[in-house]
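Work through each task before reading its solution.

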Amino acid sequence: MRILLVASAFNSLSQRVFAELRERGHSMRVQLGSGEDELRAAVDEHAPDLLLAPMLKSAIPRDVWSARTCLVVHPGPPGDRGPSALDWAMHEGADRWGVTVLQADEVMDGGPVWASAECPLPPAAKSDLYRNEVGDAALEAVLLAVERFASGSHVPLPQGGPAWQAADHTRPYFDQGLRRIDWAADPTAAVLRSLRAADSQPGVLDGLLGGEWYLHGGHHEDELRGAPGELLATRAGAVCRATVDGAVWIPELRARRRPGGPPTFKLPAALALGDRLPRLPEVPAPLSPAPGRRTWTDLDYREEGPVGFLRFSFPGGAMSTSHCRRLLDAYRSACARPISVLVLGGGRDFFSNGIHLNVIEAAADPGQESWENIQAMNDLVAAVLTTTDRLVVAALGGNAAAGGAMLALAADEVWCRDGVLLNPHYRLMGLHGSEYWTYTLPRRAGGAAARRLTGQALPVTARAARQLGLADRVIPSAPQEFGAEVGRLAALLARSARLQERIAAKKATRERDEALRPLAAYRAAELAEMHRTFFDPDAPYHALRSAFVRKRPAPSPPPVGGRW
């Protein structure tokens, strides 16, 4: 079918729905963040069989939905209505939730239901749940709804009448009044619930050190204590704040926008506070925390026999210069251990999205910070590529893009949870790209596919990545079960009779490739292009980066399309 995907942003769910339907043979077009007239024009131009809205913040015009079937994905079970479905579910402590695909009509979220799916809600941040459990349920419901629509015989279930069993549960927008934290009274569990239900948007508005900030992210701290609301310590850019019965780590802050001022954006909390931040102890987390500890760290290492697991989880998957250097130090420490298999990642959310555009945007010299960040990413990828005495596995429980995708491709094996998306390209940010992609991408997918992937700049599903050679294994597991399954498979790999043979072959291949063209030559050629871009104030990268970070329309948004 010809499907027009209508979305306020090409976010994780929109990309996943687009890629999955395109992979199933549907002809796809995307209409992003436009007004009603632009949507009408897109419908007239493309004449789709179906309109599908995986993530839409505005209503579809009556003349559009009355002329063509328009299916809307609502992140709530049948009967749930309102713009803050997932926020309310987390606020009320729901442990199960659902997603409904319904037909647009006069009543917001009140049209006939084409499909629905249930999902668990484990204790995780809203954005994490949205990309994982809720995303899985949304895709299940979308695929069923599209199949039913294509059949031409399915009659959707009206939300009313004798066949309708769900209660109408219409709730208002979940505003900041409901999110407010009372640091003098709220226990840690309530503070964490508020923080997690607001991550990554809109954050929890709060006063801190004479300013107004949106707090993003929240994690338990089991040892540090202080007066409620007091800042106690810093760790890797995060701040620790006391509650009435404990403390929480807050990784990121966003300044409240001033009237008439430019849009603000998230930054590591200590960086955002800048000179406001008092002298606080920097309390680093041990690389291998003691069993049972409940504290926040964005990277840790553990061993199970001959297998080492180096987990890292940076907010939004963005890796600043500091993130890259700390991860490189941890990687080198892991490589000093007597292990034969080293697993990178394995968490349930983003693997990596490459350089940290927000930190770059906030820098006094964004070009210089871009340069230092890309050098640090290259140092990390080079360390993975030149590890020849053991096998390295990149375990992607969440999405990877740009330099983060290339970091994964530097490993010997790439294992993806079914549901993960790869975006192995840089073009949408106006960049040539680095991280040795001109070596690793053709090595895995071939030259023609590498040019197509970087040129088309479209998301790739885990299954398509496996077919292209970008992934070696697709793991069909729930998000919560991915880490354990990776551990089981890594243990089998470490016990393989061919392990030492594979390590020896890997070393020989690296030596042969180095003789043909040194890694330093790939790096120099890529960085020459990046240097020209970073230090050219008129390069599109700077305007595209600023628009992305501040969530404004891109200066010249590239077309996103399929086969029609």
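A disulfide is a pair of cysteine sulfur atoms within 2.5 Å. The model used here is a predicted one.

**Exercise 1. Cysteines**

State how many disulfides the structure holds, and classify Cys416 as buried or exposed.

Solution. 
- Under the cut-off of 2.5 Å, the structure has zero disulfides.
- For Cys416, the nearest cysteine sulfur belongs to Cys324 and is 20 Å away. Cys416 is therefore in no disulfide, since a pair must lie within 2.5 Å.
- Buried means under 20% relative accessible area. Cys416 has 0% relative accessibility, so Cys416 counts as buried.
- The same test can be applied to Cys70: its relative accessibility is 1%, so Cys70 counts as buried.

**Exercise 2. The largest cavity**

Find how many cavities of 30 Å³ or more the structure holds, then describe the lining of the largest cavity.

Solution. 
- There are two cavities of 30 Å³ or more.
- The largest cavity contains about 120 Å³ of space.
- Its lining is made up of 15 residues, and those nearest the centre are Ser12, Arg16, Arg131, Asn399 and Gly419.
- Two elements, α1 (12-23) and α5 (126-131), each give two or more residues to this lining. The largest share, three residues, is that of α1.
- Sorted by class, the lining of the largest cavity comprises seven polar, four charged and four nonpolar residues.

**Exercise 3. The second largest cavity**

Give the volume of the second largest cavity and sort its lining by class.

Solution. 
- The volume is about 70 Å³.
- Residues that line the second largest cavity include Trp296, Asp298, Glu252, His323 and His356. Among the others in this lining are the prolines Pro251, Pro268 and Pro315, as well as Ala236, Gly237 and Ala238.
- By class, six of the lining residues are nonpolar, three are polar and two are charged.

**Exercise 4. Pro555**

Locate Pro555 relative to α20, decide whether Pro555 is buried or exposed, and list its contacts beyond its neighbours within four places in sequence.

Solution. 
- Pro555 belongs to the segment that follows α20 (540-549).
- The relative accessibility of Pro555 is 52%, and exposed means over 50%, so Pro555 counts as exposed.
- With neighbours within four places in sequence set aside, Pro555 is in contact with Ala543, Leu544 and Ala547.
- Pro540 is 15 residues from Pro555 in sequence, and their C-alpha atoms are 8.6 Å apart in space.

Key
Residues are numbered from 1 along each chain as its sequence is written. This is a predicted model: local features need pLDDT of at least 70, side-chain atom pairs count only at pLDDT 80 or more; totals for chains, interfaces and linings use all residues. Side-chain values use heavy atoms; hydrogens and water are left out. Helices (H or I, at least four residues) and strands (E, at least two) are DSSP runs, numbered from the N terminus. Buried means under 20% relative accessible area, exposed over 50%, partly exposed in between (1.4 Å probe, protein chains only). Contact means heavy atoms within 4.5 Å. On a 1 Å grid over the protein atoms alone, a cavity is a set of points where a 1.4 Å probe fits but cannot get out, and a pocket is an open set with protein on both sides within 12 Å along at least five of seven lines; lining residues have an atom within 4 Å of a point. Grid points are joined across faces, edges and corners, and a volume is the space filled by probe spheres set on the points. Ala, Val, Leu, Ile, Met, Phe, Trp, Tyr, Cys and Pro count as nonpolar, Asp, Glu, Lys and Arg as charged, and the others, Gly among them, as polar.
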